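Subject: Structure for you to look at

Hi,

Here is the structure I promised to pass on. Could you open it beside this email and follow along?

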Amino acid sequence: MPERKRRFRTGPGTLVAAAFIGPGTVTACTLAGANFGFALIWALVFATISTVILQDMSARLGAGARLGLGEALLKSAPGSLGTAIAAGLILAALAIGNAAYESGNIVGGVLGIEAIAGEGARRAMILSIALVAGAILLIGRYKPIERILVALVLLMSGAFLLAAILTRPDPLNLLSGLWPIIPENGLLTTIALIGTTIVPYNLFLHAAAARQRWNDDPASVTEARREAAVSIALGGVVSILILSAAAASLFARGIEVSSARDMALAIEPAFGPAARYLIGAGLLGAGLTSAVTAPMATAYALNELLPPKTTASQTRRFRIISISIVAIGAAIALSGVKAVSLILIAQAANGILLPVIAVFLLYVMNRRSLLGKMANGPMANFAGVIVVLIAALLGARGVWRAIETGLATL
């Protein structure tokens, strides 16, 4: 009898979607829609396709080659200096960067609560979200955490889908946004949209989680790749729904906002209280899922660098590292740094850091002596190089524009 086709199962691809649809995505998509209408839909389409390409490499690395990205970088580094550079890159991209991102994740969740219930005891809200994220991470085991995050992603996706239906975006206007143009003053927003979707730490998270979720037989590797493509594509659709809801409800009416919470409050008079509650619930879900996945990625990657490798020691370190990232993020959030500025700066910086991490990923994925048949072929390399070049050009252009602006003010 022929083998029955395996049913689709959620996995690490869902975690990646949960990670990149965070407050940064919601904020960047809201501002893109409010300020430029549907003009930057193409940037999200490009970012989603690029994410599928890069995360497919991470899925093969973890499920097929049984390696995390951090571990593969260390094994591929030439000599002790190369190993030190690789370890430094991992620490910079994760331990330091994710602690800063975590504050934005927590505050983003608070903005969601405020959209639903109004402003109140913000410090208590910050601590509440940090405690919930910490409690999930204290489980310390992959499968239960995945189930919780899948439920949150479904809640978040449903909320933004219903919000987009309520605001009724014009399909023709939406299609017009597929033409790749950068509107005036839209460069940094474009970089933020790409940076908030193709997240460097997700490359580490996906490989580590795929190694735990799947085994290395060919059928499982195929399933891991398919699950990643479907989950990330659906995540891209959610991002487009957020941008479309903002464009339909705010841009056409000339309403200026600075965050998704502002959008939730601004559209209530026209679309009813349901719209406010939906966007608030979606933003809360986005903040909470990312508040779990950012520390999770950090803990997985740093575990790959530290001996011993026993299950007990890795579980203990996972809890210590992940809770530390939550605590640092909560402390930054409690310091009173402006939430929207923090989120946008982090996402723009993410877009600039991305080409560096992606180059290292491509380097690792071409080590056939290390990866065997899971190494990149010509098509994967071609697609990866295109993604890196476009991301690098946009990042360089953003840096140059920032320098020009700074010089003009002197």
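A salt bridge here is a side-chain nitrogen of Lys or Arg within 4 Å of a carboxyl oxygen of Asp or Glu. By that definition the structure holds six salt bridges.

Before the details, a word on the source. This is a predicted model, in which local features need pLDDT of at least 70 and side-chain atom pairs count only at pLDDT 80 or more, while totals for chains, interfaces and linings use all residues. Residues are numbered from 1 along each chain as its sequence is written, and side-chain values use heavy atoms, with hydrogens and water left out.

**Salt bridges**

Side chains of opposite charge can pair when their charged atoms come close. Helices are DSSP runs of H or I with at least four residues, numbered from the N terminus. Asp 56 counts as buried at 15% relative accessibility, and Arg 225 as partly exposed at 38%. (Buried means under 20% relative accessible area, exposed over 50%, and partly exposed in between, with a 1.4 Å probe and protein chains only.)

Arg 211 and Glu 71 also meet in a salt bridge, at 2.8 Å from N to O. This pair links distant parts of the chain, 140 residues apart: Arg 211 is in helix H10, and Glu 71 is in helix H4 (residues 69-76). Arg 211 is partly exposed at 25% relative accessibility, whereas Glu 71 is buried at 18%.

A further bridge joins Glu 146 to Arg 213, with the closest N and O atoms 3.2 Å apart. Glu 146 belongs to helix H7 and Arg 213 to helix H10, so parts 67 residues apart in sequence are tied together. Both Glu 146 and Arg 213 are buried. Shared partners also join Asp 56, Arg 60 and Arg 225 into one salt-bridge network.

**The largest pocket**

A pocket is an open set of points on a 1 Å grid over the protein atoms alone, where a 1.4 Å probe fits, with protein on both sides within 12 Å along at least five of seven lines; lining residues have an atom within 4 Å of a point. The largest pocket has a volume of about 350 Å³, the volume being the space filled by probe spheres set on the points. Of its 16 lining residues, the closest to the centre are Arg 211, Gln 212, Tyr 300, Asn 303 and Gln 314. Helices H7 (142-167), H10 (200-213), H14 (273-305) and H15 each give two or more residues to the lining. Which element gives the largest share of the lining? That is H15, with four residues.

Helix H15 (residues 311-334) has 24 residues and should span 34 Å at 1.5 Å a residue, which agrees with its end C-alpha atoms being 34 Å apart. The expected span is 1.5 Å times one less than the number of residues. Buried residues in H15 include Arg 317, Phe 318 and Ile 321. Just after H15, Gly 336 takes a positive phi of about 95°.

Helix H9 (residues 187-197) is mostly covered, with ten of its eleven residues buried. Among them are Leu 187, Ile 191 and Gly 195.

Best wishes
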